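Dear colleague,

Please find below the structure that I am handing over to you, followed by an account of what was found in it. I would be grateful if you could read the two side by side.

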Amino acid sequence: MCVMEFEKKEIVKKSKDFSRWYTDVILKAELADYAPVKGCMVIRPYGYALWEGVQKYLGQKIKDSGVDNAYFPLFIPHSFLEKEKEHVKGFSPELAVVTHGGGKELAEPLVVRPTSETIMYPMFAKWIQSWRDLPFKVNQWCNIVRWEKRTYLFLRTLEFLWQEGHTAHATADEAEEETLARMKMYQDFVEEVLAIPTIVGRKSAAEKFAGAEETLAVEALMPDGKALQCGTSHNLGQNFAKPFEIQFQDKNGQMQHVYQTSWGLSTRVIGALIMAHGDDNGLVLPPKIAPIQVVVVPIDPTDKKQVEYAHNVAAPFYGAKEKAAQSAAATVHIDDRPQYTPGYKYNEWELKGVPVRIEIGLQEVKSKSVTVVRRDTGEKSQISNLKSQTEIKGILDDIQNNLYRKALKSLNQNTHEVGDYGEFKKIMAEARGFIKAFWCGSAECERKIKEETRATIRAIPLDSESATGGSGKCIYCGQPATSRPFFAQAY
Ligand SMILES: [Zn+2]
């Protein structure tokens with residue numbers, strides 16, 4: 001085997017250097033690469049296929065909930081952004097601003113969208129006239145630019161991809177309901193498709209979206225004990241409706257401002273996916289999101305019998321796919337490249353996290369069987385080709401469930417209920433994880449905790465004890481608690 005092949009596979013152990021392992025996996029599994037512009041990244045086809053999986057599943061959920069896609073411009077007049085004071089304050093430090101166009105200085109600078117509230121809502125004001133126009137809902141898949149100083153592949157880049165949903169309602173209650181439903185939608189998606197367990201809840205005032213009344217978030221715990229936000233849903237109240245004059249005539253003929261929500265999920269979730277399930281050999285993808293679910297490798301691709309048999313084994317999967325029985329189909333790829341050894345191919349598909357590998361050699365052809373290797377456990381089994389289709393579907397389901405169970409076990413092991421600040425500091429200095437602790441609601445205590453431990457409030461769960469603090473005392477100052485949030489160091 002040549003040196004180039006060896007280098008291609010080389011990734012540092014996950015347990016040895018988590019951060020290097022993460023970038024090694026992204027670069028070597030060909031998910032993404034660094035771009036010529038510092039802080040930007042190129043999403044390569046295999047990485048983009050993961051995003052397409054997100055678009056397929058989540059996009060369907062969004063459409064099924066009655067929200068269609070639209071597209072709004074990339075450029076926002078700077079004055080639009082200034083209309084909501086908290087919003088402009090929150091986003092100003094990370095704006096990219098266009099001052100010249102067509103060789104001339106622009107009369108008004110244009111902001112490259114950091115989020116689209118302010119470019120969408122003047123249109124909402126135009127389109128919404130009456131109570132009959134409500135609720136009004138629209139979704140957009142697009143790119144976003146935020147000038148971040150510290151960047152990290154997938155997790156924080158100057159430009160990233162996301163979807164953003166925006167809704168307008170006649171009442172505050174409806175907006176509240178929508179905010180909650182979208183948080184649930186993200187939670188279901190992240191748990192069911194990405195196989196990552198989450199915690200959900202409300203953000204503190206310091207952590208909420210600039211311009212929102214309330215932000216609900218879905219948070220996951222990564223193997224290094226840091227939390228990663230996997231989707232947010234904002235109740236905007238009338239904070240944007242008033243400056244943008246989004247009004248409707250109610251049933252009594254009175255003019256009213258609408259109540260709004262916005263909600264988004266970005267390419268960050270691909271970072272979560274890589275971290276949550278990957279191992280020393282590379283990516284481990286849950287079957288539901290894997291671009292290739294089953295790879296079939298004829299050990300000798302120059303042997304016609306083996307190649308023919310490989311196609312034979314793969315055929316029923318394609319058949320199921322044609323019938324559009326989505327849940328019954330599997331995405332199968334036959335790797336019959338003659339220029340690589342079987343060992344090289346096994347390593348490559350392991351690195352790329354393909355859930356199931358089928359090996360086909362002389363033996364398999366002769367006995368009409370297949371050798372099946374699971375990516376998550378490395379388990380190898382021999383099954384008859386007749387039964388392979390149903391058995392492999394069973395294995396794919398089992399892998400999906402197994403990955404979720406493993407991640408849930410890790411979440412539970414690394415979530416601590418803490419009543420003593422000394423213990424809080426000790427946990428944050430060592431293994432980290434989620435810490436559930438009482439808080440008095442003061443921004444000062446929140447800030448001090450962050451300064452001393454790096455932990456921020458990730459989510460205040462919505463159950464009554466967590467949302468009110470019950471009879472607890474603040475972990476920092478000992479004053480009566482107003483909530484019991486989950487704290488963690490965040491990505
Ligand atoms: Zn306090």
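**Lining of the largest cavity**

By class, 3 nonpolar and 4 charged residues line the largest cavity, with no polar residue among them. Please note that this is a predicted model. The residues in question are Trp349, Glu350, Val354, Arg357, Val373, Arg374 and Arg375. Two elements, α10 (342–351) and β18 (369–374), each give two or more residues to this lining. The space inside the largest cavity amounts to about 50 Å³. In the whole structure, the search finds 2 cavities of 30 Å³ or more.

For reference, the ideal angle for four tetrahedral donors at a metal is 109.5 degrees.

Is Cys440 buried or exposed? Cys440 has a relative accessible area of 14% and is therefore buried, the cut-off being under 20%. Cys477, at 35% relative accessibility, counts as partly exposed.

**The chain as a whole**

The protein chain contains 15 helices and 23 strands. Its C-alpha trace spans about 80 × 55 × 50 Å along the principal axes. The radius of gyration of the protein chain is 25 Å, which agrees with the value near 23 Å that a compact globule of 491 residues would have. Of the 491 residues, 54% are buried.

**Leu158**

One further residue may be worth a look. Leu158 belongs to the loop between β7 (136–145) and β8 (159–169). With a relative accessibility of 4%, Leu158 counts as buried. A distance of 9.9 Å separates the C-alpha atom of Leu158 from that of Leu95, and the two residues are 63 residues apart along the chain.

With kind regards

Technical notes. Residues are numbered from 1 along each chain as its sequence is written. This is a predicted model: local features need pLDDT of at least 70, side-chain atom pairs count only at pLDDT 80 or more; totals for chains, interfaces and linings use all residues. Side-chain values use heavy atoms; hydrogens and water are left out. On a 1 Å grid over the protein atoms alone, a cavity is a set of points where a 1.4 Å probe fits but cannot get out, and a pocket is an open set with protein on both sides within 12 Å along at least five of seven lines; lining residues have an atom within 4 Å of a point. Grid points are joined across faces, edges and corners, and a volume is the space filled by probe spheres set on the points. Helices (H or I, at least four residues) and strands (E, at least two) are DSSP runs, numbered from the N terminus. Ala, Val, Leu, Ile, Met, Phe, Trp, Tyr, Cys and Pro count as nonpolar, Asp, Glu, Lys and Arg as charged, and the others, Gly among them, as polar. Buried means under 20% relative accessible area, exposed over 50%, partly exposed in between (1.4 Å probe, protein chains only). The radius of gyration is taken over C-alpha atoms; the globule rule is 2.2 Å times the number of residues to the power 0.38.
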